[in-house]
Amino acid sequence: VLPPEETEASALAKAPEFETKYDAVGYLMPVIASRPGLPPYQLTDKDGNTLQYVSPAPGVNLNRYVKKQVGLYGQRGYAQTLKKQHLTAQRVVDLDRHRT
């Protein structure tokens, strides 16, 4: 229960105007494929460990984001053959450019 001075309207007014949630975050790196059919990119953590694989949606060019920390929006899934998460990237945000 909110105290009288903090009504539901005032609590909403204090909430952030928007909250950004990405479908995936990490460093975008190319996959050096030893077998055909692998997604062309992977997201890694700062230590280079693979977090998930990434394929671009039609019309999306991910090359300019290679070796950068990015936030991705897209369709999440699971690659059974790789036993890892897979994302089809529809939108990319360069996180280094958006830091304040």
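This is a short tour of the chain, stop by stop.

**Before you start**

The model is predicted: local features need pLDDT of at least 70, side-chain atom pairs count only at pLDDT 80 or more, and totals for chains, interfaces and linings use all residues. Residues are numbered from 1 along each chain as its sequence is written, and side-chain values use heavy atoms, with hydrogens and water left out.

**Stop 1: the whole chain**

Show the chain as a cartoon. Helices (H or I, at least four residues) and strands (E, at least two) are DSSP runs, numbered from the N terminus. Along the sequence the order is α-β-β-β-β-β.

Now switch to a surface. The chain exposes about 7300 Å², and carbon and sulfur atoms supply 50% of it. Accessible areas come from the Shrake-Rupley method with a 1.4 Å probe; for residues, only the protein chains shown count as cover. Of the 100 residues, 30% are buried. Buried means under 20% relative accessible area, exposed over 50%, and partly exposed in between (1.4 Å probe, protein chains only).

**Stop 2: strand β1 and its partners**

Select residues 24-30, strand β1. β1 pairs with β4 in the antiparallel sense over four bridges. Strands count as paired if DSSP finds at least two bridges between them. Look at Gly26: Val70 in β4 stands opposite.

**Stop 3: the nonpolar core**

Select Ala24, Leu28, Tyr41, Leu43, Val54, Leu62, Tyr65, Val70, Leu72, Leu87, Ala89 and Val92. These twelve residues form the largest nonpolar core. β1, β2, β4 and β5 (84-94) each supply at least two of its residues. The largest share, three residues, comes from β5. Such a core is a set of buried Ala, Val, Leu, Ile, Met, Phe, Trp, Tyr and Cys residues joined through side-chain atoms within 4.5 Å. In soluble globular proteins, nonpolar side chains tend to be buried together.

Stay with Leu43. Not counting residues up to four places away in sequence, Leu43 touches a list of residues including Ala24, Leu28, Val54, Val70 and Leu72. Contact means heavy atoms within 4.5 Å.

**Stop 4: Tyr65**

Move to Tyr65, in the loop between β3 (50-56) and β4 (69-79). Is Tyr65 buried or exposed? Tyr65 counts as buried because its relative accessibility is 12%. Beyond four places in sequence, Tyr65 touches Leu28, Val70, Val92 and Asp94. Leu28 is 37 residues away along the chain, yet the two C-alpha atoms are separated by 6.6 Å.

**Stop 5: Gln52**

Gln52 sits in strand β3. At 12% relative accessibility, Gln52 is buried. Among its contacts beyond four places in sequence are Asp23, Gln42 and His86.

**Stop 6: the salt bridges**

How many salt bridges does the whole structure hold? The search finds two. Each needs a side-chain nitrogen of Lys or Arg within 4 Å of a carboxyl oxygen of Asp or Glu.

Select Asp23 and Arg76, whose closest N and O atoms are 3.6 Å apart. Asp23 is in the loop between α1 (8-14) and β1, and Arg76 is in strand β4, 53 residues apart. Asp23 is partly exposed at 21%; Arg76 is exposed at 55%.

Finish with Asp94 and Lys68, which meet at 3.5 Å, N to O. Asp94 lies in strand β5 and Lys68 in the loop between β3 and β4, so the pair ties together parts 26 residues apart in sequence. Asp94 is buried at 8% relative accessible area, whereas Lys68 is partly exposed at 32%.
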